[in-house]
Amino acid sequence: MSDRSPESGRPRPKVYADLRDEELIALVQDGQKRAYDEIVRRFKGRLFSFIMRMVADPVEAEEIAQDTLIRAYIHADKYREIAKFSTWLFTIATNLVRNQVRKKKRQPYMLTLDPAPENDDQIPLDPPDPVSDPTRMLEGRELGELIAKATAQIPEKYRIPFLLREVEQLSYEEIQQVTGLKLGTVRSRINRARNRFRANIKPLLKNESLLEDLERIEARCESED
Amino acid sequence: MRCGKAQTMINLELDGILPPEQTPHLDEHLMRCSECREHRSDLETGRRMILATAAEPSDSFEWKLQLKLNQALQEAAASGLPWQETPSRPWFGWFRSFGLSTAAGLALVLVMTTWVLPDGLSRMNGGSGVMAERSSLPTSGVTASADHSDRLSLQPASPVFSFKGAGAPGRTVGGATFLSGNDSWLAGSPDNRRSFSALQSEVTRLRELLDASRLENVRLMALLERNGVKYLEGEGVLHQE
């Protein structure tokens with residue numbers, strides 16, 4: 001097999017993990033499917049985490065994250081290196097999230113009239129995940145739920161730039177590109193969201209056991225890195 | 001320095017964009033303001049909490065993605081159009097749910113009052129003679145009906161599609177007859193309906209066959225790609241990479 005891509009004549013890389021995001025998408029544009037696999041590997045967690053904090057539903061969050069990655073593949077030819085690839089990708093994700101949130105607002109609230117199961121045996125259980133470590137899940141679960149709740153209470157228009165900054169560490173300029181807002185608006189919305197978030201987590205900051213949990217999680221993450 | 005300004009500077013500091021010359025001013029304020037110290041500490045802990053509790057996708061994420069991607073590519077190939085969704089338009093939801101149904105209702109009333117009802121009445125009065133008389137009329141533009149001289153009848157200017165055996169004279173193309181006027185399809189015989197449904201099912205069968213061929217084409221192209229073989233469409237040859 002040739003060492004060069006037939007379309008562009010670019011050298012065919014052996015290790016995709018060493019490449020920048022922008023180099024990977026250029027290879028996808030050349031039709032190299034394995035470069036796309038690397039993009040998926042890099043971004044699936046980040047996208048899922050960001051979207052999850054916006055829609056607060058893991059199934060929905062996965063679907064939107066997958067749709068984002070599908071769009072990135074199908075419209076790869078539309079990406080130009082005038083912006084970072086991550087900015088482009090999060091713009092797609094943000095638009096999909098906004099559409100979803102808007103769609104949800106339009107849907108009326110449905111109340112189920114099914115009778116409650118007679119006993120607990122009738123309640124379907126989620127199949128156990130063979131890979132996940134149960135102790136690890138329990139360790140951060142309470143803190144995770146409380147933080148998800150505190151985040152969900154921030155109004156959507158503040159939450160998007162806030163999460164792009166806090167979770168994705170995008171710069172103000174990148175957030176401006178993703179959201180289409182003015183730089184000053186981005187800054188003020190992030191500041192407002194931070195103040196709201198601070199007010200929401202204030203009771204948690206006095207909870208010693210949660211703070212210990214936080215330290216344990218951080219220590220575990222550091223050791224994994 | 002006021003606390004408001006100090007808190008703005010704390011935000012800039014958190015984002016790593018506080019100009020270095022302003023750092024001593026902020027530090028000085030924080031030395032003597034416990035409230036701002038607490039503010040900064042809370043924001044830092046909040047950020048740590050967010051980062052530490054990042055959710056992870058399920059293990060099935062990637063194969064589900066692969067499945068959806070294949071489906072999207074097949075749909076794009078089958079439709080022959082680039083894969084895209086219609087952009088979301090908030091006003092369109094209202095238009096679709098209310099505006100369109102109102103417009104459709106009004107159009108129906110208009111058609112009933114100016115087109116169908118007069119015809120129905122004329123049929124009751126004059127029977128099939130009206131149809132024979134009308135099909136011999138020239139079909140250009142809107143024509144005035146002889147039996148309704150007090151109003152304009154909205155006869156379609158273009159020929160209406162009908163089928164062989166409709167009983168009225170017309171141009172026959174591929175087993176189907178094009179007739180002038182609109183009465184032929186309003187008064188379709190059972191034979192016509194049978195021919196129509198047979199043709200419809202044939203069209204459906206051919207469309208399915210075409211879709212299946214397109215899917216097969218996509219599958220084969222994917223197989224070639226996986227094996228490092230490229231199909232050079234212009235030349236109609238396979239090329240080993």
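Axes, as used here, are lines fitted to C-alpha atoms, for helices over the stretch in contact, and their angles run from 0 to 180 degrees between N-to-C directions. Helices (H or I, at least four residues) and strands (E, at least two) are DSSP runs, numbered from the N terminus. This is a predicted model, in which local features need pLDDT of at least 70 and side-chain atom pairs count only at pLDDT 80 or more, while totals for chains, interfaces and linings use all residues. Residues are numbered from 1 along each chain as its sequence is written, chains are lettered from A and ligands numbered from 1 in the order in which they are written, and side-chain values use heavy atoms, with hydrogens and water left out.

Let us start with chain B. Its make-up is eight helices and five strands, and from the N terminus on these elements follow the order α-α-α-α-α-α-β-β-β-α-α-β-β. Of its 241 residues, 24% count as buried; buried means under 20% relative accessible area, exposed means over 50%, and partly exposed lies in between (1.4 Å probe, protein chains only). A contact means heavy atoms within 4.5 Å. Among the chain B contacts between residues at least 6 apart in sequence, 42% join residues at least 24 apart.

How far does the predictor trust this chain? Confidence is given for each residue as pLDDT, from 0 to 100. Chain B has a mean pLDDT of 68, with 54% of its residues at 70 or more. Over residues 126–187 of chain B the pLDDT is below 50, and this stretch has 80 contacts in the model beyond near neighbours in sequence. Residues 84–88 of chain B also stay under 50 in pLDDT, and for them the model has three contacts beyond four places in sequence.

Now look at two helices of chain B. The axes of helix α1 (residues 3–14) and helix α3 (residues 34–52) of chain B come within 10 Å and cross at roughly 30 degrees. Angles under 35 degrees count as roughly parallel, over 145 as roughly antiparallel, 65 to 115 as roughly perpendicular and the rest as oblique, so α1(B) and α3(B) are roughly parallel to each other. Where they meet, α1(B) contributes residues including B:Cys3, B:Ile10 and B:Leu14, and α3(B) contributes residues including B:Cys36, B:Leu43 and B:Arg47.

Across all chains, a search of the whole structure finds zero disulfides, a disulfide being a pair of cysteine sulfur atoms within 2.5 Å. For B:Cys3, the nearest cysteine sulfur is that of B:Cys33, 3.7 Å away. B:Cys3 counts as partly exposed because its relative accessibility is 30%.

Over in chain A, helix α1 (residues 21–29) and helix α2 (residues 33–55) have axes that come within 8 Å and cross at roughly 140 degrees. That angle makes α1(A) oblique to α2(A). Among the residues that meet here are A:Leu24 and A:Val28 in α1(A), and A:Ile39 and A:Phe43 in α2(A).

With 14% relative accessibility, A:Glu60 counts as buried, and it touches A:Val55, A:Gln100 and A:Lys104, not counting residues up to four places away in sequence. Finally, nine of the 11 residues of helix α6 (residues 156–166) of chain A are buried, so this helix is largely enclosed by the rest of the structure. Its buried residues include A:Tyr158, A:Phe162 and A:Glu166.

Definitions and conventions: pLDDT is the predictor's confidence in each residue, from 0 to 100.
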